[in-house]
Amino acid sequence: MTKYTKDPTAIAALSEEEFYVTQNAGTERPGTGKLLANKEVGIYVDIVSGEPLFVSSAKYESGCGWPSFDQEIEAGKIKNDRR
């Protein structure tokens, strides 16, 4: 099984907003994310580690302003760190 870790080079290349979202459990403003309207077939991966997260067929329009998925690639891998 592949072990995914944070890549310091990838972290250094993040925009301010990407850093806030990926490293500080932040969120983009609703309706502003570059992946919201993405309809391409493929796999969504973690921008920092490359870990596969979701397949595009699991994406749906929830009306909340953020990409929404109804199933992760590997059950139990996605967690919400917000307290």
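This is a predicted model: local features need pLDDT of at least 70, side-chain atom pairs count only at pLDDT 80 or more; totals for chains, interfaces and linings use all residues.
**The nonpolar core.** Begin by selecting Tyr44, Leu53, Phe54, Ala58 and Phe69, the 5 residues of the largest nonpolar core. In soluble globular proteins, nonpolar side chains tend to be buried together. Next, keep phenylalanine 54 selected and display its surroundings. Beyond its neighbours within four places in sequence, phenylalanine 54 contacts Gly42, Ile43, Tyr44, Phe69, Gln71, Glu72, Ile73 and Ile78. Two of these partners, Tyr44 and Phe69, are also listed in the core.

**The largest pocket.** Turn now to the largest pocket, which holds about 1,800 Å³ of space. Select Val21, Thr22, Asp46, Leu53 and Phe54, which are the closest to the pocket centre among its 44 lining residues. Then colour α2 (16-23), β1 (43-45), β2 (52-55) and β4 (68-69), the elements that each give two or more residues to the lining. The largest share, 5 residues, is provided by α2. Colouring the lining by class would show 18 nonpolar, 14 polar and 12 charged residues.

**The salt bridge.** Finally, select glutamate 18 and lysine 34, whose side chains meet in a salt bridge with an N to O distance of 3.4 Å. Glutamate 18 lies in helix α2, and lysine 34 in the loop between α2 and β1, 16 residues apart. The structure holds 1 salt bridge. With a surface displayed, compare the two partners: glutamate 18 is partly exposed, at 21% relative accessible area, whereas lysine 34 is exposed, at 67%. Side chains of opposite charge can pair when their charged atoms come close.

Terms used. Residues are numbered from 1 along each chain as its sequence is written. Side-chain values use heavy atoms; hydrogens and water are left out. A nonpolar core is a set of buried Ala, Val, Leu, Ile, Met, Phe, Trp, Tyr and Cys residues joined through side-chain atoms within 4.5 Å. Buried means under 20% relative accessible area, exposed over 50%, partly exposed in between (1.4 Å probe, protein chains only). Contact means heavy atoms within 4.5 Å. On a 1 Å grid over the protein atoms alone, a cavity is a set of points where a 1.4 Å probe fits but cannot get out, and a pocket is an open set with protein on both sides within 12 Å along at least five of seven lines; lining residues have an atom within 4 Å of a point. Grid points are joined across faces, edges and corners, and a volume is the space filled by probe spheres set on the points. Helices (H or I, at least four residues) and strands (E, at least two) are DSSP runs, numbered from the N terminus. Ala, Val, Leu, Ile, Met, Phe, Trp, Tyr, Cys and Pro count as nonpolar, Asp, Glu, Lys and Arg as charged, and the others, Gly among them, as polar. A salt bridge is a side-chain nitrogen of Lys or Arg within 4 Å of a carboxyl oxygen of Asp or Glu.
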